[in-house]
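The following note sets out numbered points on the structure shown below.

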Amino acid sequence: MIPEAKIEAKKLDFYYGHKKALNGISMVAPKNKVTALIGPSGCGKSTFIRTLNRMNDVIPGTRVEGQIIIDGVDIYSQRIDVVELRRRIGMVFQKPNPFPKSIFDNIAYGLRINGIKAKNKIEEIVEKSLQEAALWDEVKDRLRENAFSLSGGQQQRLCIARSVAVEPEVILYDEPCSAIDPIATAKIEDLIQKQREKYTVVIVTHNMQQAARVSDYTAFLMLGELIEYGETPKLFTNPENKLTEDYITGRFG
Amino acid sequence: MKKKKIVELLGFLSLRICLYLVLAVLLLFLYDIGSKGAGTLSWEFLSQAPKRGMTEGGIFPAIIGTLLVTIVTAILAVPLGMFAAIYLNEYAKQTRLTRIIRLSIRNLSGVPSIVYGLFGVILFVNILKFGTSILSAGLTLGLLTLPWTITASEEALKTIPNSYREGALALGATKWQAIRTNVLPYAMPGMLTGTVLGLARAAGETAPIMFTGAAFYLPYLPQSLRDQFMALPYHLYVMATQHHSIAQVRPIAYGTALVLLLLILLMTMSVALIRYRMRRVKRE
């Protein structure tokens, strides 16, 4: 029923110090599909998505048990190069976080740190990435302006462009629209819809309608546990678990 | 309702009076030194050595001495302080040990400078056998400046949002790449400000250099780092308290004080300029 898995979590536990934040999560994110993670605040959905590119490694006192398998390899095994892993698994954060550089340099940044120096190559990728993020037409005449001069929604699309520029295989979205107005949100949702052709997408969202609109598969988490996982239309129309039903019908949340 | 307004008014008023009082003292102080020192200032005063038992002539050797010793201080304190701050803020785990280290550094900045002077005599002059010299004095001042440099640099690093670091890491940057390309450039103006303010303070110190290298009077300029030197703050101390005819050399003392103040003003102004430049590049 579920197509080829790009990412698979196997009995994943996660600890902040002694506090267990994730408890035995097992699920997959299928290749070239959008998988949404929903659940009430503090359910561990952001923690989970940050284990997929090992971004939690930078938080002191955290610990992972279990496995995250990407393309058949456990990314927590010794021989994994975390830096290369993060290049392959892009991430767009909750708050747009452009760097205090020009629009152009924001995108070029990832290319430069990955060793691409040729100017024309960089220019070419910057344009391609901005087009992919549907931002090119709005910024093509002001590439040298500071990225902070963009609106919030534009900044987030810039961050998307920045992340696709380094040619990732997976893009992780950690509540990408929570700080953005509805019109800008619609643009970003459009982008995510299209991205499944090229990437595997995992998105954390607080907004159930958003999950229903953009995703193929949905996982519902609560208190660090996976309550239900399945195809999005099914989970939203005919959930198996009572908790899922209560959550998506707005009885709590 | 009315009472609230009066309290508010009185509150603001007292705050404002405090500010004016501080300003008044500062202005009085600057006026005193400026008015009494300005008459002494001249090209000869700046470019000639003291003459006739230091009752005439200029303070050129003291200016040179202070500049040289400050350079040695900077060579020790600037890189060491910045790198230590980078390590503490970016790499070190937040354990009890790092908390103790951090607290010790804060406390070191409160140690009286004369204690640094004594420590410098023991370590640099006696144990390392650098003699009473520019090197010993500069290194002593370097130690004195380090806690300030580290603290100021760490504070500057703390102001850089974590999202810059995480954003860079998420694109496949190594930790050092993230720090070097996406943290340091934005922290640098703040780090430099703290550092140069520390250096300016060191340039005006007397006690640490008294035992470690500053000379009462030298008929020649220092030829190497191992030579003794004259320095502005020590020269001022000598002219104000140690000279055989203090009353006669009072104008020279004021002139020296004014030059020292101007030198420090120059240092802080240059930082302001660097900050301004860096900000503009960033906005580009």
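1. Among contacts in chain A between residues at least 6 apart in sequence, 69% join residues at least 24 apart. The model is a predicted one, and this should be kept in mind throughout.

2. As to overall dimensions, a compact globule of 253 residues would have a radius of gyration near 18 Å, and the 18 Å of chain A agrees with this. Along the principal axes, the C-alpha atoms of chain A fill a box of roughly 55 × 40 × 35 Å. Of the 253 residues of chain A, 47% count as buried. The secondary structure of chain A comprises 10 helices and 10 strands.

3. Which strands pair with β8(A)? Strand β3 of chain A (residues 34–38) runs parallel to β8(A) and is joined to it by four bridges. Here A:A36 stands opposite A:I203 of β8(A). Strand β7 of chain A (residues 170–174) also pairs with β8(A) in the parallel sense, over five bridges. In this pairing A:Y173 stands opposite A:I203. The chain passes from β7(A) to β8(A) through helix α7 of chain A (residues 182–195), and this β-α-β crossover is right-handed.

4. The contact between the chains involves 24 residues of chain A and 19 residues of chain B. On the side of chain A that touches chain B, at least two residues each are supplied by α2 (82–88), β6 (89–92), α3 (103–113) and α6 (152–165) of chain A. Helix α2(A) gives the most, with four residues. By residue class, this side of chain A divides into 11 nonpolar, eight polar and five charged residues.

5. Is A:R142 buried, partly exposed or exposed? A:R142 has 13 other C-beta atoms within 10 Å and is therefore partly exposed. A:R142 and A:F104 are 38 residues apart in sequence, and their C-alpha atoms are 8.8 Å apart in space.

Key:
Residues numbered from 1 in each chain as written. Chains lettered and ligands numbered in written order. Predicted model: local features only at pLDDT ≥ 70, side-chain atom pairs only at ≥ 80, totals over all residues. Pairing = 2+ DSSP bridges. Right-handed = clockwise from strand over helix to strand, strands pointing away. Contact = placed C-beta atoms within 7 Å. Nonpolar A, V, L, I, M, F, W, Y, C, P; charged D, E, K, R; others polar. Buried ≥ 20, exposed ≤ 12 C-beta atoms within 10 Å, placed from the backbone. Rg over C-alpha atoms; globule rule 2.2 N^0.38 Å.
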